[in-house]
Amino acid sequence: MKTIASTDGTAIGVLSSGTGPGVVVIPGATRRAHHYAKLAAALGDAYAVHAIDRRGRGPSGRQGPDYSIDREVEDAIAVLDATGSAVVFGHSYGGLVALERIIPNATLIMSPRLEHNAPDLNAPEAVAGLVRTFLTPAESMP
């Protein structure tokens, strides 16, 4: 796992795999980057997937006294910039981070935590299918 410096200098752990256009994954509150390894593998033939270890998790720096959702947004934008990615997959709390201010800067794929509607992360092929649907250019869709 590599680290990328956020705006305030905090190290943000990023687990990257695959090749192709970049997709940044912002995990939910109780998740870490490695929880998205199967999703990354399912997308890896066509996309470079960069899953973030949010502050206070893994090799990422502490949340610190100035921690807020604004820091989370800065972290995600730093990863987008460093990886050249333009797509964000936000799961649960990660979706909230994406909605907060990333939308003008990236294509958003969000998995809200809604009963019966959220994709099952234990079924990575299903989630990968959802992601691929959103990444398919409109002109090539039936």
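**View 1. Helix α2 from end to end.** Helix α2 covers residues 69–83, 15 residues in all, and reaches 21 Å from its first C-alpha to its last, close to the 21 Å expected at 1.5 Å a residue. That expected span is 1.5 Å times one less than the number of residues. Helices here are DSSP runs of H or I with at least four residues, strands are runs of E with at least two, and both are numbered from the N terminus. The model is a predicted one: local features need pLDDT of at least 70, side-chain atom pairs count only at pLDDT 80 or more, and totals for chains, interfaces and linings use all residues. Residues are numbered from 1 along each chain as its sequence is written, and side-chain values use heavy atoms, with hydrogens and water left out.

View 2. After α2 comes G84, with a positive phi near 70°. Buried means under 20% relative accessible area, exposed means over 50%, and partly exposed is in between (1.4 Å probe, protein chains only).

View 3. R71 pairs up with E74 in a salt bridge, the closest N and O atoms being 3.0 Å apart. For a salt bridge, a side-chain nitrogen of Lys or Arg must be within 4 Å of a carboxyl oxygen of Asp or Glu. Both partners sit in helix α2, three residues apart, or about one turn of the helix. R71 counts as buried at 19% relative accessibility, while E74 is partly exposed at 22%.

**View 4. R54 and its surroundings.** Look in the loop between β4 (48–53) and α2 to find R54. The residue is buried, with a relative accessible area of 4%. The side chains of R54 and E72 meet in a salt bridge, 3.0 Å from N to O. This pair links distant parts of the chain, with E72 in helix α2 and R54 in the β4–α2 loop, 18 residues apart. E72 is buried too, at 3% relative accessibility. A polar atom of the R54 side chain also lies 3.1 Å from the backbone oxygen of G28. Leaving aside neighbours within four places in sequence, the contacts of R54 (heavy atoms within 4.5 Å) include I26, P27, S60, Y67 and Y93.

**View 5. R32 meets D53.** Here the side chains of R32 and D53 form a salt bridge, 3.0 Å from N to O. The two come from distant parts of the chain: R32 from the loop between β3 (22–26) and α1 (37–43), D53 from strand β4, 21 residues apart. R32 is partly exposed, with a relative accessible area of 30%, but D53 is buried at 0%. Elsewhere, D8, R55 and D75 are linked in a network of salt bridges.

**View 6. S92 and its positive phi.** S92 isn't a glycine, yet its phi is positive, at about 55°. This serine is in the loop between β5 (87–91) and α3 (93–102). With 28% relative accessibility, S92 counts as partly exposed.

**View 7. Stepping back to the whole chain.** The protein chain has four helices and six strands. Of its 142 residues, 43% are buried.

Terms used:
Polar contact = N/O pair within 3.5 Å; in protein donor to acceptor, adjacent residues only side chain to side chain.
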